[in-house]
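This report concerns side-chain pairing in the structure shown below.

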Amino acid sequence: MLDTLGMWEAAAGLPEQIERAATAAAAIDRLPHHDDVEHVVVLGMGGSGVAGDVLTVVAGPFMPVPVVVHKGYGLPNFVDEHTLVFAISFSGDTEETIESASDAADAGARVVVIARGGELGRLAERWSAPVVDVDAVIPMPRAGLGAVAIPPLVLLERIGLFPGASAWIEAAVEQLRRRRDQLAGEHNLAADLARHIGRQIPIVYGGGGVGGVAALRWKTQFNENAKMPAFHNQVPELCHNEVCGWGQNGDVTRQVFRVVNLRHEFEHPQIVRRFDLLDDILREVVGGVDEVVAEGEGALAQLLDLVMVGDFVTLHRAAQEGLDPGPVPVLDDLKRLLAPAR
(Lines give C-alpha, C1' and ligand atoms only; values in the text may rest on other atoms or scores of the structure.)
Protein backbone atom coordinates (compact mmCIF):
# COMPACT_ATOMS: atom_id res chain seq x y z
CA MET A 1 0.00 0.00 0.00
CA LEU A 2 1.46 3.35 -1.07
CA ASP A 3 1.57 5.71 1.92
CA THR A 4 4.79 7.69 2.10
CA LEU A 5 3.66 10.04 4.88
CA GLY A 6 1.94 7.57 7.20
CA MET A 7 -1.63 8.82 6.73
CA TRP A 8 -3.17 5.44 7.66
CA GLU A 9 -1.29 5.36 10.95
CA ALA A 10 -2.27 8.97 11.66
CA ALA A 11 -5.96 8.26 11.06
CA ALA A 12 -5.85 5.25 13.37
CA GLY A 13 -4.05 7.29 16.03
CA LEU A 14 -6.77 9.92 16.42
CA PRO A 15 -7.82 8.82 19.95
CA GLU A 16 -4.27 9.10 21.26
CA GLN A 17 -3.76 12.37 19.38
CA ILE A 18 -6.79 13.80 21.17
CA GLU A 19 -5.47 12.71 24.56
CA ARG A 20 -2.09 14.33 23.91
CA ALA A 21 -3.74 17.54 22.73
CA ALA A 22 -5.93 17.71 25.84
CA THR A 23 -2.89 17.23 28.07
CA ALA A 24 -0.96 19.96 26.25
CA ALA A 25 -3.84 22.41 26.54
CA ALA A 26 -4.28 21.69 30.25
CA ALA A 27 -0.78 23.05 30.89
CA ILE A 28 -1.42 26.46 29.31
CA ASP A 29 -1.60 29.53 31.54
CA ARG A 30 -2.15 33.30 31.06
CA LEU A 31 -5.78 32.78 30.08
CA PRO A 32 -8.37 35.56 30.42
CA HIS A 33 -11.04 35.52 33.12
CA HIS A 34 -14.44 34.45 31.82
CA ASP A 35 -15.98 37.79 32.80
CA ASP A 36 -13.56 39.53 30.43
CA VAL A 37 -14.62 37.50 27.38
CA GLU A 38 -17.61 38.80 25.43
CA HIS A 39 -17.07 36.83 22.23
CA VAL A 40 -14.85 34.08 20.85
CA VAL A 41 -13.35 34.09 17.35
CA VAL A 42 -11.59 31.14 15.74
CA LEU A 43 -9.13 31.82 12.91
CA GLY A 44 -7.95 29.08 10.58
CA MET A 45 -7.90 27.69 7.08
CA GLY A 46 -8.24 24.21 5.62
CA GLY A 47 -7.75 21.38 8.10
CA SER A 48 -7.04 23.91 10.84
CA GLY A 49 -10.17 25.90 10.03
CA VAL A 50 -12.38 22.86 10.64
CA ALA A 51 -11.42 23.16 14.31
CA GLY A 52 -13.54 26.28 14.48
CA ASP A 53 -16.48 24.48 12.92
CA VAL A 54 -16.16 21.72 15.52
CA LEU A 55 -16.13 24.30 18.31
CA THR A 56 -19.19 26.05 16.91
CA VAL A 57 -21.41 22.97 16.75
CA VAL A 58 -20.13 21.18 19.87
CA ALA A 59 -19.58 24.02 22.35
CA GLY A 60 -21.37 26.98 20.78
CA PRO A 61 -24.91 26.01 21.80
CA PHE A 62 -23.88 25.79 25.47
CA MET A 63 -21.68 28.87 25.77
CA PRO A 64 -22.83 32.19 27.24
CA VAL A 65 -20.97 34.16 24.55
CA PRO A 66 -21.12 33.88 20.74
CA VAL A 67 -18.54 31.99 18.68
CA VAL A 68 -17.53 33.17 15.21
CA VAL A 69 -15.36 31.21 12.77
CA HIS A 70 -13.33 33.39 10.43
CA LYS A 71 -11.64 31.76 7.44
CA GLY A 72 -9.72 34.25 5.38
CA TYR A 73 -7.92 37.56 5.51
CA GLY A 74 -8.97 40.48 7.67
CA LEU A 75 -11.02 40.29 10.82
CA PRO A 76 -14.59 40.97 12.03
CA ASN A 77 -14.92 44.60 13.07
CA PHE A 78 -16.21 43.79 16.57
CA VAL A 79 -12.94 42.18 17.71
CA ASP A 80 -11.49 44.12 20.66
CA GLU A 81 -9.95 43.62 24.09
CA HIS A 82 -13.00 41.59 25.16
CA THR A 83 -12.50 39.04 22.39
CA LEU A 84 -10.80 35.68 22.90
CA VAL A 85 -9.16 34.68 19.61
CA PHE A 86 -7.91 31.20 18.80
CA ALA A 87 -5.40 31.52 15.95
CA ILE A 88 -4.97 28.02 14.54
CA SER A 89 -2.38 27.06 11.94
CA PHE A 90 -0.89 23.57 11.74
CA SER A 91 2.33 24.86 10.19
CA GLY A 92 2.28 28.28 11.82
CA ASP A 93 2.82 29.79 8.40
CA THR A 94 -0.71 30.03 6.98
CA GLU A 95 -0.82 33.38 5.22
CA GLU A 96 -4.44 34.27 5.95
CA THR A 97 -4.27 33.26 9.61
CA ILE A 98 -1.07 35.22 10.22
CA GLU A 99 -2.68 38.37 8.83
CA SER A 100 -5.94 38.01 10.74
CA ALA A 101 -4.19 37.06 14.00
CA SER A 102 -1.92 40.09 13.66
CA ASP A 103 -4.99 42.28 13.20
CA ALA A 104 -6.52 40.70 16.31
CA ALA A 105 -3.42 41.40 18.38
CA ASP A 106 -3.39 45.01 17.14
CA ALA A 107 -7.05 45.29 18.20
CA GLY A 108 -6.13 44.27 21.75
CA ALA A 109 -7.76 40.84 21.62
CA ARG A 110 -6.59 38.00 23.87
CA VAL A 111 -4.95 35.70 21.38
CA VAL A 112 -4.20 32.02 21.94
CA VAL A 113 -2.05 30.38 19.25
CA ILE A 114 -2.33 26.72 18.29
CA ALA A 115 0.49 25.95 15.87
CA ARG A 116 3.67 24.04 15.18
CA GLY A 117 5.95 27.05 15.50
CA GLY A 118 6.41 28.95 12.25
CA GLU A 119 5.77 32.66 11.88
CA LEU A 120 2.67 32.48 14.05
CA GLY A 121 4.72 30.96 16.85
CA ARG A 122 7.27 33.75 16.57
CA LEU A 123 4.53 36.37 16.64
CA ALA A 124 3.00 34.74 19.72
CA GLU A 125 6.25 35.37 21.58
CA ARG A 126 6.10 39.04 20.61
CA TRP A 127 2.48 39.25 21.76
CA SER A 128 3.17 37.24 24.97
CA ALA A 129 0.34 34.99 23.80
CA PRO A 130 -0.13 31.44 25.10
CA VAL A 131 0.84 28.74 22.60
CA VAL A 132 -0.41 25.16 22.34
CA ASP A 133 2.16 23.26 20.32
CA VAL A 134 0.89 20.92 17.60
CA ASP A 135 2.29 17.41 17.94
CA ALA A 136 5.36 17.07 15.70
CA VAL A 137 4.56 13.47 14.69
CA ILE A 138 1.43 14.45 12.71
CA PRO A 139 2.29 14.23 9.00
CA MET A 140 -0.17 16.70 7.43
CA PRO A 141 -2.67 19.33 8.63
CA ARG A 142 -5.71 17.22 7.71
CA ALA A 143 -4.32 14.40 9.88
CA GLY A 144 -4.24 16.69 12.90
CA LEU A 145 -7.88 17.50 13.56
CA GLY A 146 -7.66 16.31 17.15
CA ALA A 147 -4.53 18.34 17.78
CA VAL A 148 -6.17 21.59 16.68
CA ALA A 149 -9.83 21.05 17.64
CA ILE A 150 -9.43 19.76 21.19
CA PRO A 151 -7.30 22.52 22.81
CA PRO A 152 -9.95 25.26 22.38
CA LEU A 153 -12.53 23.03 24.09
CA VAL A 154 -10.17 22.36 27.00
CA LEU A 155 -9.22 26.03 27.36
CA LEU A 156 -12.83 27.20 27.23
CA GLU A 157 -13.64 24.74 30.00
CA ARG A 158 -10.77 26.10 32.10
CA ILE A 159 -11.99 29.66 31.58
CA GLY A 160 -15.48 28.58 32.61
CA LEU A 161 -17.19 29.13 29.25
CA PHE A 162 -17.74 25.45 28.36
CA PRO A 163 -18.15 23.32 31.49
CA GLY A 164 -18.06 19.58 30.96
CA ALA A 165 -15.69 19.56 27.98
CA SER A 166 -13.36 17.01 29.58
CA ALA A 167 -16.14 14.45 29.95
CA TRP A 168 -17.14 14.94 26.31
CA ILE A 169 -13.53 14.47 25.22
CA GLU A 170 -13.19 11.27 27.24
CA ALA A 171 -16.38 9.91 25.67
CA ALA A 172 -15.06 10.76 22.20
CA VAL A 173 -11.79 8.93 22.84
CA GLU A 174 -13.66 5.83 24.00
CA GLN A 175 -15.88 5.84 20.91
CA LEU A 176 -12.98 6.37 18.52
CA ARG A 177 -11.18 3.37 19.96
CA ARG A 178 -14.29 1.25 19.45
CA ARG A 179 -14.70 2.51 15.90
CA ARG A 180 -11.03 1.90 15.13
CA ASP A 181 -11.44 -1.75 16.10
CA GLN A 182 -14.49 -2.02 13.83
CA LEU A 183 -12.55 -0.57 10.89
CA ALA A 184 -9.63 -2.97 11.20
CA GLY A 185 -9.29 -5.76 8.68
CA GLU A 186 -9.87 -6.06 4.97
CA HIS A 187 -13.68 -6.07 4.99
CA ASN A 188 -15.27 -3.29 7.03
CA LEU A 189 -17.70 -0.39 6.70
CA ALA A 190 -15.13 2.05 5.30
CA ALA A 191 -13.63 -0.34 2.75
CA ASP A 192 -17.04 -1.47 1.55
CA LEU A 193 -18.32 2.09 1.18
CA ALA A 194 -15.20 3.10 -0.74
CA ARG A 195 -15.85 0.24 -3.16
CA HIS A 196 -19.50 1.29 -3.53
CA ILE A 197 -18.44 4.82 -4.43
CA GLY A 198 -15.75 3.71 -6.84
CA ARG A 199 -15.12 6.37 -9.46
CA GLN A 200 -18.46 8.06 -8.97
CA ILE A 201 -18.33 11.58 -7.54
CA PRO A 202 -19.49 11.54 -3.91
CA ILE A 203 -21.97 14.08 -2.61
CA VAL A 204 -22.01 14.03 1.18
CA TYR A 205 -25.10 15.21 3.05
CA GLY A 206 -25.22 15.78 6.79
CA GLY A 207 -28.03 16.76 9.11
CA GLY A 208 -27.85 19.96 11.15
CA GLY A 209 -24.60 21.30 12.60
CA VAL A 210 -22.94 18.02 13.57
CA GLY A 211 -23.77 16.36 10.27
CA GLY A 212 -22.91 19.45 8.29
CA VAL A 213 -19.39 19.73 9.74
CA ALA A 214 -18.84 16.00 9.25
CA ALA A 215 -19.98 16.30 5.62
CA LEU A 216 -17.53 19.16 5.02
CA ARG A 217 -14.73 17.03 6.49
CA TRP A 218 -15.62 14.06 4.27
CA LYS A 219 -15.68 16.31 1.21
CA THR A 220 -12.22 17.75 1.84
CA GLN A 221 -10.78 14.34 2.71
CA PHE A 222 -12.02 12.94 -0.61
CA ASN A 223 -10.29 15.91 -2.26
CA GLU A 224 -6.94 15.61 -0.49
CA ASN A 225 -6.59 11.91 0.36
CA ALA A 226 -8.25 10.36 -2.70
CA LYS A 227 -7.48 13.24 -5.11
CA MET A 228 -11.06 13.19 -6.38
CA PRO A 229 -13.85 15.77 -6.73
CA ALA A 230 -16.52 15.72 -4.05
CA PHE A 231 -19.29 17.97 -2.81
CA HIS A 232 -21.20 18.44 0.41
CA ASN A 233 -24.27 20.14 1.84
CA GLN A 234 -26.50 19.87 4.87
CA VAL A 235 -30.14 19.32 5.69
CA PRO A 236 -32.34 21.35 5.99
CA GLU A 237 -30.59 23.99 3.84
CA LEU A 238 -30.30 21.81 0.75
CA CYS A 239 -34.05 21.21 0.85
CA HIS A 240 -34.52 24.89 -0.01
CA ASN A 241 -32.32 24.95 -3.11
CA GLU A 242 -30.04 22.06 -4.10
CA VAL A 243 -32.82 19.50 -4.29
CA CYS A 244 -34.20 21.42 -7.27
CA GLY A 245 -31.03 20.60 -9.18
CA TRP A 246 -32.01 16.94 -9.38
CA GLY A 247 -35.02 17.80 -11.53
CA GLN A 248 -33.56 16.67 -14.83
CA ASN A 249 -30.60 14.95 -16.51
CA GLY A 250 -31.12 11.84 -14.41
CA ASP A 251 -29.65 9.69 -17.17
CA VAL A 252 -26.35 11.53 -16.66
CA THR A 253 -26.38 12.02 -12.88
CA ARG A 254 -27.08 8.31 -12.28
CA GLN A 255 -23.76 7.53 -13.91
CA VAL A 256 -21.77 10.28 -12.22
CA PHE A 257 -22.88 10.87 -8.63
CA ARG A 258 -23.36 8.85 -5.46
CA VAL A 259 -24.82 10.31 -2.24
CA VAL A 260 -23.61 9.49 1.25
CA ASN A 261 -25.86 10.55 4.14
CA LEU A 262 -24.21 11.13 7.52
CA ARG A 263 -26.67 10.61 10.35
CA HIS A 264 -26.55 11.17 14.10
CA GLU A 265 -28.92 11.16 17.05
CA PHE A 266 -28.96 14.94 17.53
CA GLU A 267 -31.00 15.64 14.40
CA HIS A 268 -34.16 17.70 14.72
CA PRO A 269 -37.27 15.55 14.07
CA GLN A 270 -37.98 17.52 10.90
CA ILE A 271 -34.48 16.80 9.65
CA VAL A 272 -35.18 13.10 10.10
CA ARG A 273 -38.34 13.47 7.99
CA ARG A 274 -36.46 15.44 5.33
CA PHE A 275 -33.86 12.71 4.97
CA ASP A 276 -36.63 10.16 4.36
CA LEU A 277 -38.18 12.35 1.68
CA LEU A 278 -34.82 13.08 0.08
CA ASP A 279 -34.04 9.39 -0.23
CA ASP A 280 -37.18 8.90 -2.32
CA ILE A 281 -36.10 11.73 -4.64
CA LEU A 282 -32.41 10.89 -4.90
CA ARG A 283 -32.62 7.16 -5.56
CA GLU A 284 -34.14 7.98 -8.94
CA VAL A 285 -31.32 10.27 -10.05
CA VAL A 286 -28.00 9.12 -8.50
CA GLY A 287 -26.01 5.91 -8.67
CA GLY A 288 -26.85 5.04 -5.08
CA VAL A 289 -27.52 6.39 -1.62
CA ASP A 290 -25.42 5.13 1.28
CA GLU A 291 -25.80 5.96 4.95
CA VAL A 292 -23.35 6.13 7.84
CA VAL A 293 -24.82 6.38 11.35
CA ALA A 294 -22.72 7.93 14.12
CA GLU A 295 -22.11 6.15 17.40
CA GLY A 296 -20.92 7.41 20.76
CA GLU A 297 -22.01 9.46 23.76
CA GLY A 298 -22.42 13.16 23.06
CA ALA A 299 -22.16 15.44 20.06
CA LEU A 300 -18.34 15.52 20.05
CA ALA A 301 -18.07 11.74 20.08
CA GLN A 302 -20.58 11.34 17.27
CA LEU A 303 -18.99 14.08 15.15
CA LEU A 304 -15.50 12.61 15.51
CA ASP A 305 -16.88 9.13 14.95
CA LEU A 306 -18.19 10.26 11.56
CA VAL A 307 -14.84 11.95 10.90
CA MET A 308 -12.91 8.74 11.54
CA VAL A 309 -15.15 6.70 9.25
CA GLY A 310 -14.76 9.31 6.52
CA ASP A 311 -11.00 9.43 6.89
CA PHE A 312 -10.79 5.68 6.36
CA VAL A 313 -13.25 5.70 3.46
CA THR A 314 -11.10 8.22 1.63
CA LEU A 315 -7.89 6.36 2.45
CA HIS A 316 -9.43 3.18 1.05
CA ARG A 317 -10.41 5.05 -2.12
CA ALA A 318 -6.81 6.19 -2.53
CA ALA A 319 -5.55 2.64 -2.01
CA GLN A 320 -8.07 1.23 -4.48
CA GLU A 321 -6.71 3.61 -7.12
CA GLY A 322 -3.08 2.99 -6.21
CA LEU A 323 -2.63 6.59 -5.02
CA ASP A 324 -0.45 7.96 -2.26
CA PRO A 325 -2.90 9.74 0.08
CA GLY A 326 -0.36 12.02 1.75
CA PRO A 327 1.26 14.42 -0.72
CA VAL A 328 -0.83 17.22 -2.24
CA PRO A 329 1.49 18.67 -4.89
CA VAL A 330 -1.10 21.03 -6.37
CA LEU A 331 -1.45 22.77 -2.99
CA ASP A 332 2.32 22.99 -2.68
CA ASP A 333 2.46 24.57 -6.15
CA LEU A 334 -0.22 27.10 -5.25
CA LYS A 335 1.59 28.13 -2.08
CA ARG A 336 4.84 28.48 -4.00
CA LEU A 337 3.23 30.63 -6.69
CA LEU A 338 1.51 32.83 -4.10
CA ALA A 339 4.61 33.34 -2.00
CA PRO A 340 6.13 36.84 -2.28
CA ALA A 341 9.26 37.08 -4.39
CA ARG A 342 12.50 37.27 -2.44
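## A pair within one helix

In this predicted model, Arg 195 and Asp 192 form a salt bridge whose closest N and O atoms are 2.5 Å apart. The two residues are separated by about one helical turn, because they stand 3 residues apart in helix H8 (residues 189-197). Arg 195 is partly exposed, with a relative accessibility of 41%, and Asp 192 is likewise partly exposed, at 31%.

## Pairs between distant elements

Arg 258 and Asp 290 meet through their side chains in a salt bridge of 2.5 Å, N to O. This pair links distant parts of the chain, with Arg 258 in strand S8 (residues 257-263) and Asp 290 in strand S9 (residues 289-293), 32 residues apart. Both Arg 258 and Asp 290 are buried.

A further salt bridge joins Arg 179 to Asp 305, with 2.7 Å between the closest N and O atoms. Arg 179 belongs to helix H7 (residues 165-182) and Asp 305 to helix H12 (residues 299-320), so the pair ties together parts that lie 126 residues apart in sequence. Arg 179 and Asp 305 are both buried.

## Salt bridges overall

The structure holds 17 salt bridges. Through shared partners, salt bridges join Glu 16, Glu 19, Arg 177 and Arg 180 into one network.

## Cysteines

The number of disulfides is 0. Cys 239 takes part in none, since its nearest cysteine sulfur, that of Cys 244, is 9.9 Å away, whereas a disulfide requires sulfur atoms within 2.5 Å. Cys 239 is partly exposed, with a relative accessible area of 22%, while Cys 244 is exposed, at 62% relative accessibility.

Terms used:
Residues are numbered from 1 along each chain as its sequence is written. This is a predicted model: local features need pLDDT of at least 70, side-chain atom pairs count only at pLDDT 80 or more; totals for chains, interfaces and linings use all residues. Side-chain values use heavy atoms; hydrogens and water are left out. Buried means under 20% relative accessible area, exposed over 50%, partly exposed in between (1.4 Å probe, protein chains only). A salt bridge is a side-chain nitrogen of Lys or Arg within 4 Å of a carboxyl oxygen of Asp or Glu. Helices (H or I, at least four residues) and strands (E, at least two) are DSSP runs, numbered from the N terminus.
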